[in-house]
Amino acid sequence: MSRAGSMLENHWYIACPSRKLKNQPLARELFGRKLVFFRDASGQAAALDDCCPHRNAPLSGGKVVGGCLTCPYHGWGFDGGGRLEKVPYAPGQPPACRTVSFDCVEQDGYVWVCPGGKTPETAPLDFPHLNLPGWTSFRMETLFHATVEACLENFLDCPHATHVHRYWFRTPTARPVKAEIRMLEDGAVTEYFQEPREKSLVWSLLSPGKTVSMRHTDRYIMPATSRVDYEFGDGRAYSITSSCTPVDDTHTRVFTVISFRRGWLGPLVRLFFHPLSRLIINQDVRMLDQTQENIERRGSAEFMALEQDVLFNPIREWRNALREGAPPPEAGRQWQVELKL
């Protein structure tokens, strides 16, 4: 990945679920750079450049011994901060040597890493509703052949659901819907009004019916998170939050938490909703894969965004400002559009 994305690197990104980081090192690629994750002597998650400074062997091919990550080539051992702790075949203290380390934290059951050189001043974004009474949650991890922007735009795009997810998530009605868009200090949000709720499998599982009020908001949270919320007047609700981790210029690893409030029926609804959600996301995977392949075949990406693509431009404005280190878009700016769903 080009260094034009370097300013975007100075933020928290999910590397993996905490449960995947056990006794063995785990290789991950972020922004086109290979990192290796492991647990140090205290059990804390650590991240290093996946390259031994001795002979450039990948450290991810080694083992964790005594809290040190040992190189598979000559057994050089590095602690969680990247400092060389041992050289098995050389007597005495090892020479002063370090490999590049990266800031790591664990939160909400994920290992987060900052792949840039500047540590974020704030903690990673919280996933809403996790472990709250009355809420049921499940997680998904998906690799997309698409850019971060393409993923975010897809997750926050209502019109595509009537085509890509027809009858699974939406039924097309061509009814006019008002959307109100507002720029925020950390992104942008859209609220939809008079949205149709025709029958679909998702609505039948989660919606109490058209007679109960509903509030639907789609939100982009910088640098790379989408959040979709549906709240109903009788207390039912569901929320989909996806955190995007760039692998390279054309691949994105997405970590999604889906939470919903259906009282005692929650665990039963999850039995159907979890595989249904995977089916719907796989439809997006196929569509974005075809889109990216077409872009690569043509040699360039050209877009014609309508005002009804409500968060396309706000996402691009924010991402370009973050990439270039420029001032963020002005918060408070808002406008309305009409679209048909």
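This is a predicted model: local features need pLDDT of at least 70, side-chain atom pairs count only at pLDDT 80 or more; totals for chains, interfaces and linings use all residues.
Local features are reported where pLDDT is at least 70, side-chain atom pairs count only at pLDDT 80 or more, and totals for chains, interfaces and linings use all residues. Residues are numbered from 1 along each chain as its sequence is written, and side-chain values use heavy atoms, with hydrogens and water left out.

## Strands and their pairing

Helices (H or I, at least four residues) and strands (E, at least two) are DSSP runs numbered from the N terminus, and two strands are said to pair if DSSP finds at least two bridges between them. Burial is judged by relative accessible area with a 1.4 Å probe on protein chains only: buried is under 20%, exposed is over 50%, and partly exposed lies in between.

Strand β1, residues 13–17, is mostly covered, with 5 of its 5 residues buried. It is joined to strand β10 (residues 110–114) by 4 bridges, the two strands running antiparallel, and Pro17 has Tyr110 as its bridge partner in β10.

Strand β4 (residues 45–49) is largely enclosed by the rest of the structure, because 5 of its 5 residues are buried. Its antiparallel pairing with β3 (residues 33–39) extends over 5 bridges, with Phe37 opposite Ala47 in β4. β3 and β4 form a hairpin with 5 residues between them, and Gly43 in the turn has a positive phi of about 85°. β4 also pairs in the antiparallel sense with strand β9 (residues 101–107), over 2 bridges, and there the bridge partner of Ala47 is Phe102 in β9.

Thr256 is found in strand β17 (residues 251–261) and counts as buried because its relative accessibility is 2%. Its side chain is joined to that of Ser242 by a polar contact of 2.9 Å. Leaving aside neighbours within four places in sequence, the contacts of Thr256 include Tyr110, Phe138, Ile240 and Ile281.

Thr245 has its place in strand β16 (residues 237–248) and, at 3% relative accessibility, also counts as buried. Although Thr245 and Phe31 are 214 residues apart along the chain, their C-alpha atoms are separated by 8.4 Å. Not counting residues up to four places away in sequence, Thr245 touches Tyr13, Ile14, Leu30, Thr252, Arg253 and Phe255.

## Cysteines

With a disulfide taken as a pair of cysteine sulfur atoms within 2.5 Å, a search of the whole structure finds 0 disulfides. Cys68 is in no disulfide, the nearest cysteine sulfur, in Cys52, being 13 Å away; Cys68 is buried, with a relative accessible area of 11%. For Cys104, the closest cysteine sulfur is that of Cys16 at 8.2 Å, which is too far for a bond.

## Enclosed and open spaces

On a 1 Å grid over the protein atoms alone, a cavity is a set of points where a 1.4 Å probe fits but cannot get out, whereas a pocket is an open set with protein on both sides within 12 Å along at least five of seven lines, and lining residues have an atom within 4 Å of a point. Grid points are joined across faces, edges and corners, and a volume is the space filled by probe spheres set on the points. The count comes to 3 cavities of 30 Å³ or more.

| Space | Volume |
|---|---|
| Largest cavity | About 390 Å³ |
| Second largest pocket | About 670 Å³ |

The largest cavity is lined by 24 residues, of which Phe155, Phe169, Ile240, Ile280 and Asp284 are the closest to its centre. The largest share of this lining, 5 residues, comes from α4. Elements that each supply at least two residues to it include α1 (148–155), β16, β17 and α4 (266–298). Helix α1 is itself largely enclosed by the rest of the structure, because 7 of its 8 residues are buried, among them Cys151 and Phe155.

The second largest pocket has 29 lining residues, and Asn10, His11, Pro120, Thr122 and Met222 lie nearest its centre. β16 and α5 (312–324) are the elements that give two or more residues to this lining, and α5 gives the most, with 3 residues.

Technical notes:
A polar contact is a pair of N or O atoms within 3.5 Å; within protein, one must be able to donate a hydrogen and the other to accept it, and residues adjacent in sequence count only if both atoms are side-chain atoms. Contact means heavy atoms within 4.5 Å.
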